[in-house]
Amino acid sequence: MQNHSRSILILLTVIISFILAACATPIALTPGATKSAPTESEGLLICNFEKDISIWQGYSQSTETQVKPGETPPAGYINVAKWHAKYTDRWVKPMAGFVASKEQVKEGQASGKWENTVENDRLVAIEIPHDWSAYKYLTFWAYSVTANKAAIELVAYSEPERAAEDNYYKLEVVIDWSGWRKFEIPLREFSATRNPVGWHKIDYIKIASSGWSHNPNPTTVLYFDAMKLSNERTESEVKIELPNKHPNLLLNAAEIAEIKQKIAKYEWAKTAFQNVSANAFTWSTRTIKLPETGGGYYHAGGADYAITQQHYDLSNAARDLALAWQLTGERKYADKSKEILLAYAGKYLSYTIHDKEGRVGDKASAGGRATPQGINEAQWVIPIAWAYDLLYDILSPAEREQIAKNTLRPAAELLMINNEGRHNHQSWYNAGIGVIGFALAEKEYVEHALYKKGSGFFHQMKSSVTPDGLWYEGAMHYQFYVLQALGPLAQAAFHAGIDFYKDPGYKALFDFPIAYADATLRLPVINDGREVYLGASDRNRYYEAAYRQLRDARYANVLRASERVSLEALIYGVPELPPAQSLPWRSADFAKSGLAVLRASKDFNAKQVVLNYMGYEGGHSHPDQLGIVISGLGRVLSPDPGSIKYEDPAHTGWYKQSLSHNLVVVSEKSQARAPMGKLETFASGAQLQVARASTTKSYGGVNLARTLLLNDDYLVDIFQADGVVEETFDWVYHNYGKFSTDLKLQPTTLSKKNGYEFLSNITSVKTDDAWRADWMIASDQKVCLFMAGAPGTQVFAAEGLVAATVGDETAPEKVPLVIARRKAKRASFVSIIEPHSIAPAISNIAPLAATDASAFRITRGKSQDVLMFSNTRGAKKIGEYTLDGGLAWLTHTGDALQSLYLGAGTKLTGATWSVGIESLVTGGDAAQLGVLLERVAPDRWIVRNASTVAGIVSLENLIAGKLGGYKLDEAGNRQGEIRPIEDGDGKIRFFVDPKTAYEISVVTP
């Protein structure tokens, strides 16, 4: 009884002590002291903005004044040393800071109101908990009166002794919301500036509306409430319960059974399984020995990268062994896979965090442990996580905990430090974090990977994928690098009940390569990377899961181009593909991506020309606005150089110079980092494909414009450069094959900078006349170039470099190129490029008499084409035609006019007919106008407004009789009758919408 009474007395004492502690008022602390704050639900309270609001001091940073010893500070000013001990000589004007308010309250009786952020731009608090190391999140509620896009900085100072500069953790918050919003910010997302001591020593915190490149906005009014430190999140975006069952990460039991059936029935599946099982068998006989260190950077190569490759081999072996065990039941595979996982669990944390630049520890940027980059760490850990899932049932609870605690969680949290927004790196971070999150049923990781604002999967699909489906970096290599990362994440999410395949951005990533590919399923290279062939197993394997989920017939066509022996084919491939479907072969304007693709002819003669007007999008961009890539004769003819290993000096010396592309180089310099150019005209007809794009930013004061006309036989290329002072303009054209020309070239030299130093076998000659060149690729593959003459032209021939199609090295073969150089304020390069097999279609190119213009009659078979070009305004007589404009192209069969294009002008008149186009804008730029006409019957024409602006088209005497017509949709179907502005016998004048087609014919009485 006595012991019982003593127990009750002790219990009462504890309860009373707890009540007294909870009711105690906060006491003022000196910097460095630790506040004993009460807990509010779960966590450690910093401020509830009621009685404790006085811990905040506001001030105006713009008033900061330095006061020398012995001087008197301004009246009413406070010493910065109150919170920043080393600044004893600095004084600022105090402001109200946070003001207790009942206007907007989330918890309790009041919140902290912050307004007049232009002057009241800094708020600091010293009397806070100083050891944050036991917590994961800084959480608070914030109410914003308006979403004005202003930004504030949250700063936690952690100062070492006698530091000359400030040391802190910081994070930007953009005010893009109104009303209440709860913030639960992981501490790891704060970035370290200089050398903060650590989260165990937070001296004071600051909220600032100025500094760090922020400009205070007078409309900013914020209310803060319930700020604390926490270890749990309450506002998770993951609205479903993650299944904690195994295997269920990238495969489940039913799918494993399906794979076994495919292996038994289909030769392709059997071969795919043999690839996996052969690797598994080899590893099952090996002694597992992990590298002693993490590895090096791929682009640097060497022994250090060989270590990274060893880590990749081990993680892939763990995956293949675990998969072989699930498919065969042979325990030796499971045991060896487990051995690898446990070996890493015992060693992974001993690897030093390091990056590709050799920095270690806290100084490493986006580094890894097993590898030198977070992207490589994700690539390494995803197979580890999958093996863990496949082996889950034979791992003991202690083994699972060991692998999760010592490998998977540390890897995920290392990746979570990085935040690169929409970059391809972020896709890999998200994939690694998310796959681990699904493997461990860890909501925090899944939320970070999928829903994190500014970087999660769903954000990336909105911000990083153009409406056309191009990954924003504009490189085919990185399009597939992203798909490689997101594939495992998509499957892990799908198995947990989250369907990525319903996201339009994710599907568009698969659609774009098919829409962009040439007739051989090759993707013309743009920016960094090498040639991508959709039929290659390392490319089309990503379509296996996509086809399984979406059943898009285009994906099946891609899969049919390979033997389907990849790992993805084995695990996700449908047993049988449907019959191949023919895809439309027509030009495409990827306007949101900055690419115009012209296509003509079909089968072996199919031709494709890509006109690139995209802007600079980061480090993987090349300076090649208005560059072109030509495909035909079943291959790439005029290539983009691609790229090689980034550490190779030739990568920046040649591959990232404008000279290595097919364009005009100005004054032997590469282009500046310019925004997207302007597509001025685009039209896709049955007989002619047209595109014109321009840029004014690539070379400062020089305006560049390129017009392309493509028919079934040849390409017309007109490149105009217009400067304000005399420049050196180099029209550059690269083409595979053995080069020959009718010019008498002599050895010479060129500049030794900006890529010119990489040219070899340089020869040249000066000529004012038209000239020709040929590239013989094979006996039945040849490309012919005709260039119109111009005074003062110097032609150079040379050889340049191109990336190999396999690996990231320079190809052994060099690519012959020509340079047409002119020195002037203005230059126009007019050329005709004809790829052909056996014999050319063009039998003759003859000049036509013209004033202030260049004109040629082009004979090909039974057709006669006329090309007219002028740089001057006003009407010009050219043979039997009168051109009021910059460009015209037309073709006759016999005496019958079959098609006509009028560009950069207003009127073209023949012997008996005329065609005109007018801008609806007074003083509009005629260079942006274009109209394409094609005869589809003796008394019927299709008229296409190639302009990106509306206009008025006039036709006269192309057809006899009263004329009318219809607006057409993209498929050529009639959408409604047009209402002519004027009409009469053989005449019609009518409005045309941008890039829209119309049918014009005789009106039946």
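Which residue stands opposite L222 in β14? In the predicted model described here, that position is taken by W114. Residues are numbered from 1 along each chain as its sequence is written. Because the model is predicted, local features need pLDDT of at least 70 and side-chain atom pairs count only at pLDDT 80 or more, whereas totals for chains, interfaces and linings use all residues; side-chain values use heavy atoms, with hydrogens and water left out.

The chain has 17 helices and 48 strands, taken as DSSP runs numbered from the N terminus (helices, H or I, at least four residues; strands, E, at least two). Its C-alpha trace spans about 125 × 80 × 70 Å along the principal axes. Of the 1005 residues in the chain, 57% are buried, where buried means under 20% relative accessible area, exposed over 50% and partly exposed in between (1.4 Å probe, protein chains only). The accessible surface of the chain comes to about 41,400 Å², and carbon and sulfur atoms account for 50% of that surface; areas come from the Shrake-Rupley method with a 1.4 Å probe, and for residues only the protein chains shown count as cover. Among contacts with a separation of 6 or more, 67% are between residues 24 or more positions apart, contact being defined as heavy atoms within 4.5 Å.

The chain carries 105 positive and 111 negative side chains, and the centres of the two sets lie 0 Å apart. In this count Lys and Arg are positive and Asp and Glu negative, with His and the chain ends not counted; each charge is placed at NZ of Lys, CZ of Arg, CG of Asp or CD of Glu. The structure holds zero disulfides, a disulfide being a pair of cysteine sulfur atoms within 2.5 Å. C47 is buried, with a relative accessible area of 0%, and C784 is also buried, at 17%.

Strand β14 (residues 222-230) is largely enclosed by the rest of the structure, because nine of its nine residues are buried. Strands are said to pair if DSSP finds at least two bridges between them. Strand β8 (residues 137-144) runs antiparallel to β14 and is joined to it by seven bridges, with L138 as the bridge partner of L229. L229 is also the bridge partner of L44, and strand β1 (residues 44-47) pairs with β14 in the antiparallel sense over three bridges. Strand β6 (residues 111-114) is likewise antiparallel to β14, with three bridges between them.

An open sheet is formed by eight strands in the order β3-β4-β2-β7-β13-β9-β10-β12, with antiparallel pairing. The edges are held by β3 (78-79) and β12 (191-193), each with a single partner strand, so one side of each has no neighbour in the sheet. Within this sheet, five bridges connect β9 (residues 151-157) and β13 (residues 204-208) in the antiparallel sense, and E153 has A208 in β13 as its bridge partner.

Strand β35 (residues 854-860) is mostly covered, with five of its seven residues buried. It pairs in the antiparallel sense with β34 (residues 842-847) over five bridges and with β36 (residues 863-869) over seven bridges. R857 of β35 stands opposite A846 and also opposite V866 in β36. The hairpin of β34 and β35 has six residues between the strands, and D852 in the turn has a positive phi of about 55°. In the hairpin of β35 and β36, with two residues between the strands, the positive phi belongs to G861, near 60°.

Helix α14 (residues 542-550) is largely enclosed by the rest of the structure, because seven of its nine residues are buried. These are Y542, Y543, E544, A545, A546, Y547 and R548. The buried residues of α14 pack against α2 (253-265), α11 (476-495), α12 (504-516), α13 (537-540), α15 (553-560) and α16 (567-572). The helix is followed by R551, with a positive phi near 55°.

P816 lies in strand β33 (residues 815-836) and counts as buried at 7% relative accessibility. Apart from neighbours within four places in sequence, P816 is in contact with Y733, H734, N735, G737, F739, W775, A798 and E799. The C-alpha atoms of P816 and Q484 are separated by 35 Å, the two residues being 332 residues apart along the chain.
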